[in-house]
Amino acid sequence: MDDNLSDLISRRSFLRRGACASLGMAGVASQMFTLRTVSAALANSSGLNGYKAAVCVFFFGGNDQGNTLLPYDNGPQNYDLYAAQRNELVIPQATLSNTIITPSNTGGRRFALHPQLHTIGNLFDAGNASLVANVGTLVEPMDKAKFFGGVGKLPSQLFAHNAQQEQWQISTADAIERIGWGGRVADALVASGTQGASQVAMNISLAGSNVLLSGRDVQPYILNPSGPASLNFPVDYFEGMTLRTAYADLMALQQNPSFAGRDAVRKAYAEISSKAQANAALVGDVLDAAEVVPPAPPFNLARQLEGIAKMIEGAQTLGHSRQIFFCAIGGFDNHDGLIGTNALDGAHAARLQEVNESLAYFWNALGALGMRDAVTTFTASDFGRTYVSNGDGSDHGWGADHIIMGGNQLNGGQLFGTYPDITINGPDDTGQGRYIPTTSVDAYSFEIARWLDVPISEMQLIFPNLFRFLDVNNPATHLGILA
């Protein structure tokens, strides 16, 4: 699978797409499952205090971490080693003066962000952003000797886009079921009755259907930046024709007098349609009623975040105390064109500019809502990329660095995890600067789930491999990103 976001959104089955997007049916699947679970659990619910939301910003294609966060000085590796190894991809040192950061937990070691991430750098300095180093999919802790010795388990299809996108969103890299960790979190919270009797699912996507938010019972509500989704089919001729045919067959089935179950189909369709229309009307009213959220700048990611901010503004109307949102930006599969005339004006710089401006907008919107302490925003991506240049781009890697943004709930201004030894063919390199992750997706995702108040007793069910990376009952083994 490539990283084209529109293609990614369209490449889903008819049933998932039909249930979540047709005839204004965003989130219909969640109604059929969530209401059943909630009704049985409400009597035992004491609820959760306050409101919290987690917002995932997914970089489709595999972000080039080498030019996102680079070593500067006062450490075991510095800018000179970075420059020598990146060759054509190097960011001139003179352009980094506005994005040099000194994490409070690295003993004075300094790093630099890409020049386009200047606002993120300012948020970092203010304690409202932190970075997580060298995160990646792992089945178990891995090192170079185990990797080349064939000892231990590795994620399947390690450097393939579609597999790694799903494994990031599932968290458990050897999982068989396509159930996301955000979906499992929602299942746990909804089953305990902590979400109340909301008619709209707590998991909401502004970037189409995805694995992250899909649970065993809870399915995400799919929302366009402009409002509830409506019936549409992929532009691709053959896939579009397949889905149109399937939809026509479904409609014909309920009209066929020889089909014994046609009354049941009609009834189910009518119920789903009715609930979908009611949900669409409710969500449309929430979006229309938003008064505090400012208009977004002209970036697709910013428009998605505007929709999320409006849904947060209307969370009380929706009856949610916890929410997980998903938004995305594509264009990070930069095998070529990562740089233009230099590393400051190529495709990667343009993507990071959109990330910077969009996250800055969202931070301001949360400030207007007074919700900065209640919303944690974090990034994810397929994988990192090779440190070694292939000319004007980089190839598929493994571990990568990520941004997390928040208010008082965030232990800000820090670099969590272990920044890898970037020496080519060094102890962390499997070749060409494909660094073995020093932090698992499980440990990273656990921080979000813990902050959302998922009981520690449920964590091993949500993250089956977590025990291989930390002790859920021992905070000293946790990353400690969130209070």
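**Aromatic contacts around a tyrosine**

Reply: Y387 and Y435 are both buried, a term that stands for under 20% relative accessible area, with exposed being over 50% and partly exposed in between, for a 1.4 Å probe and protein chains only. This is a predicted model, in which local features need pLDDT of at least 70 and side-chain atom pairs count only at pLDDT 80 or more, while totals for chains, interfaces and linings use all residues. Residues are numbered from 1 along each chain as its sequence is written, and side-chain values use heavy atoms, with hydrogens and water left out.

Me: Why is the pair of Y387 and Y435 called edge-to-face?

Reply: Rings of Phe, Tyr and Trp (its six-membered ring) pair if their centres lie within 6.5 Å, and planes under 30 degrees apart count as stacked, over 60 as edge-to-face and the rest as tilted. The centres of Y387 and Y435 are 5.6 Å apart and their planes stand at 65°, so the pair is edge-to-face.

Me: What makes Y82 and Y387 an edge-to-face pair?

Reply: Their rings lie 6.3 Å centre to centre with 80° between the planes, and the pair is edge-to-face. Both Y82 and Y387 are buried. Together with Y72, Y79 and Y435, they form one aromatic cluster.

Me: How do you know that R86 lies over the face of Y387?

Reply: A charge sits over a ring if NZ of Lys or CZ of Arg is within 6 Å of the ring centre and within 35 degrees of the ring normal. R86 lies over the face of Y387 at 4.9 Å from the ring centre, and R434 lies over the face of F159 at 5.4 Å.
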